[in-house]
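Colleague: I have the model open on my screen. Please take me through its contacts and packing.

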Amino acid sequence: MELGLKGKNAVVTGGSKGIGRSIALALAAEGVNVAICARSEGPLLDTKNEIETLGVKGYAEACDVGDKNSLDGFLDNARQELGSVDILVSNVSALGAGNDLKAWDANITLDLMSTVRAVDRVLPWMKAAGSGNIIILSSISGIEVGTTQPYAATKAALISYGKSLAVDHGPDGIRVNTIAPGSIKFPGGVWDKAEKANSPRYHSTLERIPWGRFGKPDEVANVAVFLASDAASWVTGACIPVDGAQHRANM
């Protein structure tokens, strides 16, 4: 299948670890130049080096996506370094700790508003180019009500936002889709730590996954690459769960 991605330029926020890292590397493997950002410079530069070993251009910058000036600066620099932003992958998450006001602030700032601000920055560039591709990372928690209210609510908002963008900017040649991962395990991630701590939540979550295992970041990345590609040219406004049938809703 011809994906038609070679030579395109992508931005992946939260691109140094886990799902973001896997998406950045999967895009690079298809010939996409990739700019990534994260708060921690060490893992960020390691991932940039991995991107460049795949024969494409990489750009990395430490950035707090919760700060508008920091995020705008990164996006502007990424555009200057790569030449354009053809693909935007918004991946950063506060990971939904708790139900107090602090958790609401964190989830709204990092999950929702960082996405809105990133899209606001790149949309004029994509509209001027006559094409573009936006992929928003949500969660199956945005499809079903969960115990962590701020996380579930903001992830649901992202799905609605992605659909609205797809409708509004279809005439501009811009596709927008949302991915809703289930429980994904990777070294240093939430579920890896939960397993090492022998957490009851780890075992109860595992029991609810029909495949009997947690997902892997590259399984989410493969879907992101498809959505970014010409192979998905008529897919827009969709929310695609990547969860091994973990969630139980019909939609």
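Colleague: Which residues does aspartate 192 contact, leaving aside its neighbours within four places in sequence?

Modeller: They are Lys185, Phe186 and Pro187, where contact means heavy atoms within 4.5 Å. This is a predicted model, in which local features need pLDDT of at least 70 and side-chain atom pairs count only at pLDDT 80 or more, while totals for chains, interfaces and linings use all residues. Residues are numbered from 1 along each chain as its sequence is written, and side-chain values use heavy atoms, with hydrogens and water left out.

Colleague: Where does aspartate 192 lie, and is it buried or exposed?

Modeller: Aspartate 192 is part of helix 6; helices here are DSSP runs of H or I with at least four residues, strands are runs of E with at least two, and both are numbered from the N terminus. Its relative accessibility of 12% counts as buried (buried is under 20% relative accessible area, exposed over 50% and partly exposed in between, with a 1.4 Å probe and protein chains only).

Colleague: And what does tyrosine 202 touch?

Modeller: Not counting residues up to four places away in sequence, tyrosine 202 touches Lys185, Trp191, Ala194, Glu195 and Phe214. Tyrosine 202 sits in helix 7, residues 200–207, and is buried, at 5% relative accessible area.

Colleague: Where is alanine 245, and what is its phi?

Modeller: Alanine 245 is in the segment after strand 7 (239–242), and its phi, near 65°, is also positive. With 42% relative accessible area, alanine 245 is partly exposed.

Colleague: Changing topic: at what angle do helix 1 and helix 2 pack?

Modeller: Helix 1 (residues 18–29) and helix 2 (residues 41–52) pack at about 20°, their axes being 9 Å apart. Helix 1 is therefore roughly parallel to helix 2, a label for angles under 35 degrees. Axes are lines fitted to C-alpha atoms, for helices over the stretch in contact, and angles run from 0 to 180 degrees between N-to-C directions.

Colleague: Which residues meet there?

Modeller: Arg21, Ala24, Leu25 and Ala28 of helix 1 meet Thr47, Glu50 and Ile51 of helix 2. By type, the residues of this contact are 4 nonpolar, 1 polar and 2 charged (Ala, Val, Leu, Ile, Met, Phe, Trp, Tyr, Cys and Pro count as nonpolar, Asp, Glu, Lys and Arg as charged, and the others, Gly among them, as polar).

Colleague: How do helix 3 and helix 4 cross?

Modeller: The axes of helix 3 (residues 68–82) and helix 4 (residues 101–129) come within 10 Å and cross at roughly 35°. The residues of their contact comprise 5 nonpolar, 1 polar and 6 charged.

Colleague: Finally, which residues touch the most other members of the largest nonpolar core?

Modeller: Of its 33 residues, these are Ile23, Leu27, Val34 and Ile179; a nonpolar core is a set of buried Ala, Val, Leu, Ile, Met, Phe, Trp, Tyr and Cys residues joined through side-chain atoms within 4.5 Å. Elements giving two or more residues to this core include helix 1, helix 2 and helix 8 (217–228). Apart from it lies another core, of 30 residues, among them Val11 and Met126.

Notes
Angles under 35 degrees count as roughly parallel, over 145 as roughly antiparallel, 65 to 115 as roughly perpendicular and the rest as oblique.
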